[in-house]
Amino acid sequence: MTQAVPGSSHTLALGLADAERPRDWPPITGAEARRVLAGFGLVPRLPPLWQSARPFSAGALFEVAPLPGFRPPGSLPERVFLKRHDHRLRSASRLETEHAFMRHLMASAQQDLHIPLPLTRITTPADSAQASSRFSGTTEQEGGNLYEVFPAFRGEDLYRHTLSWEPYRSPIHAASAGRMLARLHLASTGFNASDGDVLLMSGGRAVQMPDLEAGLTTWLPTQPGLLESLAQLGMGAGMEDDWRRSLLPALTPAHQALRPNLGDVQPLWGHGDWHGSNLSWRPGMVPGKEEVCEVFDFGLSGHTSAPFDLAVAVERSFIRWMNMGRDPVAWDQLHAFLAGYEAIRPRTLVERQLTGRFLPLVHVQFALTELAYYAALLHDLPTARRDVWSGYLLGHARWFESPAGQKLIEAVSANPSGGAG
């Protein structure tokens with residue numbers, strides 16, 4: 001069984017790196033913020049209130065005021081979160097699709113689902129005095145960078161310094177997160193868009209093919225830099241044979257278990273990265289008993305299914321990847337999360353089976369694109385080889401073959417009132 005330890009894959013993959021580790025992307029500067037926010041009719045107060053430590057992008061929280069002479073059609077927020085992406089990771093069309101999904105969720109939600117929606121860019125700052133009816137989109141492009149701006153969320157960021165791999169603070173938090181994910185899945189119905197072939201995606205296209213080898217062979221070339229990254233990892237001249245010899249044996253048992261249910265998958269857009277640090281929490285409540293207030297960070301959202309998205313949420317937060325020890329699963333939180341989900345959106349028997357059978361495979365495509373991120377984009381081969389390929393991609397897959405991993409698969413496939421643990 002693969003043991004996850006601090007300093008290996010889980011300090012990087014999908015989570016916050018060590019505080020001392022340099023950011024992959026430089027912080028947003030004051031001059032940069034002034035230029036970009038002017039396009040949204042805003043002037044930032046410097047310095048920023050906070051600079052995000054998250055990987056894959058740069059972000060900062062600013063107090064803002066309206067641009068002089070700008071008369072917006074509605075109220076403007078007093079604080080905004082400015083987020084910058086490298087164009088090799090996200091395109092303007094991809095960001096606009098994410099924003100369309102968020103708007104769809106808010107328009108369709110029948111219950112308590114709150115999502116801070118992106119601000120709309122004015123046509124030009126020079127026209128600000130007459131721009132109240134001239135808005136043109138929710139992204140700004142400057143050189144090789146893309147920007148989006150959100151109102152600061154209303155709740156508390158209780159998990160700001162929590163790694164994606166760590167459990168929730170309490171079963172009450174887990175149950176609230178489960179209920180909110182169920183509301184999101186209900187609201188997602190009817191949204192249909194292509195999620196595109198961009199780097200760093202939490203999808204299942206390859207693993208949902210009846211023939212796993214054929215699915216990977218078809219999908220790998222569509223990911224920017226991935227084939228080149230596999231070749232650079234020192235796996236030899238016969239790179240294609242090498243990934244088949246190492247990756248397929250690790251994934252085949254789980255894929256064989258999934259294959260009989262592939263015809264039962266009902267497509268649905270999901271969040272793709274559901275864990276405590278992508279949720280804000282209602283302030284003023286007893287510590288450990290707070291409820292989810294708002295949902296944010298839709299950067300890994302995409303065209304999957306409700307069971308797939310639910311399995312992603314389980315893999316992110318209920319396995320103690322950072323410190324496996326004798327009991328690697330947070331059973332009390334897991335049961336609370338699933339019970340919370342089913343209180344809002346009860347799963348069918350087929351959906352419960354799919355959740356368990358997806359669980360060992362939901363990380364595969366993201367891990368492979370993260371491999372290209374580190375090897376091809378950041379030219380960090382040691383991280384790609386050790387942390388992503390060995391620790392994350394293969395390590396997680398092999399853990400699910402262990403008795404503890406199999407027990408978890410059975411638990412998420414069961415009725416939450418009588419699961420294992």
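This is a predicted model: local features need pLDDT of at least 70, side-chain atom pairs count only at pLDDT 80 or more; totals for chains, interfaces and linings use all residues.

Biologist: Fine. How many helices and strands are there in the protein?

Modeller: The protein has 12 helices and nine strands. Of its 421 residues, 56% are buried.

Biologist: And the contacts? What share of them join residues at least 24 apart?

Modeller: Taking contacts between residues at least 6 apart in sequence, 77% join residues at least 24 apart.

Biologist: Let's talk about the sheet. In what order do the strands come?

Modeller: The order is β1-β2-β3-β5-β4, in an open sheet of five strands with antiparallel pairing. β1 and β4 are the edge strands, each pairing on one side only. From one strand to the next, the twist averages 35°.

Biologist: How many bridges join β4 to β5?

Modeller: Three bridges join these two antiparallel strands. As for a residue pair to look at, Q141 stands opposite L146 in β5.

Biologist: Which helices sit on that sheet? Start with α1: what does α1 lie across?

Modeller: α1 lies across β1, β2, β3, β4 and β5, and runs at about 135° to β1. α2 also packs on the sheet, where α2 touches β3 and β5, and the direction of α2 makes about 20° with that of β5.

Biologist: Which residues of α1 are buried?

Modeller: In α1, which spans residues 30-38, the buried ones are E32, A33, V36, L37 and A38. Their cover includes β1 (42-51), β2 (58-66), β3 (79-86), β4 (140-142) and β5 (145-151).

Biologist: Let me click on L46. Where is L46 found, and is it buried or partly exposed?

Modeller: L46 is in strand β1. L46 counts as partly exposed because its relative accessibility is 35%. Beyond its neighbours within four places in sequence, L46 is in contact with G30, R34 and F62. The C-alpha atoms of L46 and R34 are 9.2 Å apart, and the two residues are 12 apart in sequence.

Biologist: Now T139. Where does T139 sit, and what is T139 in contact with?

Modeller: T139 is in the loop between α2 and β4. With a relative accessible area of 9%, T139 is buried. Setting aside neighbours within four places in sequence, the contacts of T139 are F40, A92, L95, E96, H99, R121 and Y147.

Biologist: Back to helices. How do α2 and α3 cross?

Modeller: The axes of α2 (residues 92-108) and α3 (residues 171-188) come within 8 Å and cross at roughly 100°. The two helices are therefore roughly perpendicular to each other.

Biologist: Which residues meet there?

Modeller: From α2 you have F101, H104, L105 and S108, and from α3 L184, A187 and S188. The residues of this contact divide into four nonpolar, three polar and no charged.

Biologist: Changing topic: how many salt bridges does a search of the whole structure find?

Modeller: The search finds 17. One of them joins the side chains of K83 and D297, at 3.4 Å from N to O. That pair links distant parts of the chain, 214 residues apart: K83 is in strand β3, while D297 is in the loop between β8 (292-295) and β9 (302-305).

Biologist: Is K83 buried or exposed?

Modeller: K83 is buried, because its relative accessible area is 13%, and under 20% counts as buried.

Biologist: What about E98? Which residue meets E98 at 2.8 Å?

Modeller: That is R94, in a salt bridge with 2.8 Å from N to O. R94 and E98 both lie in α2, four residues apart, which is about one turn of the helix. Both residues are buried. As for other salt bridges, those that share partners join R54, K83 and D297 into one network.

Biologist: And R90?

Modeller: The side chain of R90 meets that of E98 in a salt bridge too, at 3.4 Å from N to O. E98 has a relative accessible area of 4% and so is buried, and R90 counts as buried at 7%.

Technical notes. Residues are numbered from 1 along each chain as its sequence is written. Side-chain values use heavy atoms; hydrogens and water are left out. Axes are lines fitted to C-alpha atoms, for helices over the stretch in contact, and angles run from 0 to 180 degrees between N-to-C directions. Angles under 35 degrees count as roughly parallel, over 145 as roughly antiparallel, 65 to 115 as roughly perpendicular and the rest as oblique. Contact means heavy atoms within 4.5 Å. Ala, Val, Leu, Ile, Met, Phe, Trp, Tyr, Cys and Pro count as nonpolar, Asp, Glu, Lys and Arg as charged, and the others, Gly among them, as polar. Buried means under 20% relative accessible area, exposed over 50%, partly exposed in between (1.4 Å probe, protein chains only). Two strands pair if DSSP finds at least two bridges between them. A salt bridge is a side-chain nitrogen of Lys or Arg within 4 Å of a carboxyl oxygen of Asp or Glu.
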